[in-house]
Amino acid sequence: MNYPFIYDTILWILSILIDFFFREVKTRGAFRVPRKGPVILVAAPHANQFVDPLILTLQLRREVNRRASTLVAAKSYRQKIIGIFSRAFGAIPVERAQDLAKRGKGKIFVVPDGDQSEIHGEGTEFTNHHLGDTIILPNNSGSTHIASIESDTLIRVKREFREEDAVRMLHSPEGCTYKVAPEVNQSIVFDKVRKRLVEGACIAIFPEGGSHDRPEMLPLKAGVAIMALETLSQNPDCGLQIVSCGMNYFHPHRFRSRAVLEFGSPLSIPEEYVQLYKNGKRREAIQNVLDMIYGSLLSVTVQTPDYETLMVIQACRRLYKPAHVQLSLPKVVDLNRKLITGYNHFKNDPRVMRLHDRILFYNRQLYRLGIRDHQVQGLRYSRFLILYKLVYSCCKLFLLTLGALPGAILFSPVFIAAKRISVRKAEEALRGSTVKIQGRDILATWKLLVALGMTPILYSFYALLCCYFIYSYKLIPHSSVFVYAIPLISSILFPMVTYAALRFGEVAVDIYKSIRPLFLALIPSKANAVYVLQHEREELVAEVTDVINTLGPELFPDFDVHRLVPERQEHPSRYTRRLSSSVESDVDNLSQLHETEMNQEALIPSQGDVYLYSPYPHELTSSTTDEELESGNKAYLIRKALRERMGLRMSQKNDSRDFTPDGVFSESDDQLSD
């Protein structure tokens, strides 16, 4: 890094935007990243265009105290704003073939009954192209490389077009237009990366080749494997290591969303792969390295084939986790990953298939009523109490809205501009991509860029306007020394008002979303539907718990049905409960079924919950008499359970102050990464 001071200064300025846009960014397993020596960080999925490298470099600087360079598309590198920041961070530009594509002359077609690798042309000039150039169909429906050029109207391609849209276009009588992208020689980029790695640098790479908004990773490009093998083949003693990083977002494009970065164990490329690369078997060596990297990325990311599966997994986690247990954000991600692994392994099991259908039906019922899962069990109150909570929530919402209104009005021009510009940019990116679904990976980047450019201008305008009114209407005597302090006070006051509005608004949104379930509980027709849904949830909880506790030990040898959470469970404060419940709601929204975060009150565990999920079920059941069980005195049982748990905890504390239980999360990363 040539200018570390500039790097740190710009990163600090951008970190303010990241902390403002994201409600929470957590890091797990940061202790695995080597503090010294050459490191290639491979991060996926690439769900947030320019925000991903910014968050990754920021968390590396905070947690590991390392500065990382990234690879950036040369097209973006040539842009003014992006180019300035890229040069400050020491980014390496990479020319992509699709960015250099130009429209070809004439139209192309394929004879339906002929050789599908032969591309015929009408009015084309194929002889002006070169071997290895890429033929790209409209709307990026398909692409392939030129294998040979027979004439101006006939070429052969390395791989025939198999995509449905591509076949339809090429088989049409009128043919279709096309673009030609030149073959790009990346040897210069590989050489730059190799030199930096030999110097002991840390290079962050997104091996999917571009950002996207799909729920699963895209196939990895070969470039990252070539860089690693090329470096080790020329400098075998450099000690290069590869570390995977899972970019796990919860609504990456939304304001005040959350993210978890999880680092995997360092990988060292075996010597045999390097020898294969040196001996000319490059394809085999590259594929082996890509398989290593892909396997490592799977261990730190949450991968589902579609949103429906993701919705089922989220609901399954909510139903399996006891209502009185609060999980940290990294552990929520880890539990999701374990559930996805189990689902992929047992998805053809009749019990899992039946549970899948029941959970989908349950989610549809929630959506129809407009409530969240965590709110279902919280509606077991008398009508008087529900009415009281409804009136109290409305009054609280009114006061919070008054507190948030001034700042919201001040910042509204930025919100409106960021919304419109980001949507327009997402539509443009969607038209030019074959992997994007809705172009949501572009939204957060442009929202931040618009905010970065407009916010200083807007608040400077507010400060000047304030000074003008105070001076013109003589609100402060011109002879007073306070007149000269007005610009400074204004520049501090207006951002503080906006930040206060942000904090008030977060709480107000949570309360607003909790009003509908309370209102439904007061309507007789809807209250009956909620009552049925409560019983449906109880049955699902029992079924989900039984299926997971039965199949879990078959897949995870260290699975323990009584150790869902660590033993030392602190009782959260009221603020922590509200924040943690908002985390749960935000995580549940990954399926796009529901739109925003919700507030959740901490629920009192039922009698069954005490025995099913207690970290010490054998001690509770052995010391609890049948009379106590039959009496149904939940308050007594809970107090007794807590007393026994506290007594055992104190005895363990006397034996060892550093006692750490072995939970279902077998890795002890949380203790180290925090």
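Is Arg156 buried, exposed or partly exposed? At 30% relative accessibility, Arg156 counts as partly exposed, where buried means under 20% relative accessible area, exposed over 50% and partly exposed in between (1.4 Å probe, protein chains only). Here are some notes on the charged side chains.

1. Some ground rules to begin with. This is a predicted model, in which local features need pLDDT of at least 70 and side-chain atom pairs count only at pLDDT 80 or more, while totals for chains, interfaces and linings use all residues. Residues are numbered from 1 along each chain as its sequence is written, and side-chain values use heavy atoms, with hydrogens and water left out.

2. The structure holds 27 salt bridges, each being a side-chain nitrogen of Lys or Arg within 4 Å of a carboxyl oxygen of Asp or Glu. A few of them are worth a look on your screen.

3. Back to Arg156: its side chain meets that of Asp115 in a salt bridge (3.3 Å, N to O). Asp115 lies in the loop between strand 6 (107–109) and strand 7 (118–122) and Arg156 in strand 10 (residues 154–157), so the pair ties together parts that are 41 residues apart in sequence. Strands (E, at least two residues) and helices (H or I, at least four) are DSSP runs, numbered from the N terminus. Asp115, at 38% relative accessibility, is partly exposed.

4. Next, Arg28 and Glu262, whose side chains form a salt bridge at 2.9 Å, N to O. This pair links distant parts of the chain, with Arg28 in strand 1 (residues 22–28) and Glu262 in strand 14 (residues 257–263), 234 residues apart. Both Arg28 and Glu262 are buried.

5. Arg61 sits in helix 2 (residues 51–63) and Asp8 in helix 1 (residues 4–21), so parts 53 residues apart in sequence are tied together. Arg61 is partly exposed, with a relative accessible area of 21%, and Asp8 is partly exposed at 24%.

6. Salt bridges also join into a network, which links Arg354, Arg358, Glu536, Glu539 and Glu543.

7. Finally, Lys75, Arg103, Lys107 and Lys179 form a positive surface patch. Patches are made of residues with over 30% relative accessible area and no salt bridge, with like charges joined within 9 Å and nonpolar side chains (Val, Leu, Ile, Met, Phe, Trp, Tyr) within 5 Å. Arg103 is placed in strand 5 (residues 102–103) and is exposed, with a relative accessible area of 63%.

Notes. Accessible areas come from the Shrake-Rupley method with a 1.4 Å probe; for residues, only the protein chains shown count as cover. Lys and Arg count as positive and Asp and Glu as negative; His and the chain ends are not counted. The place of a charge is taken as NZ of Lys, CZ of Arg, CG of Asp or CD of Glu.
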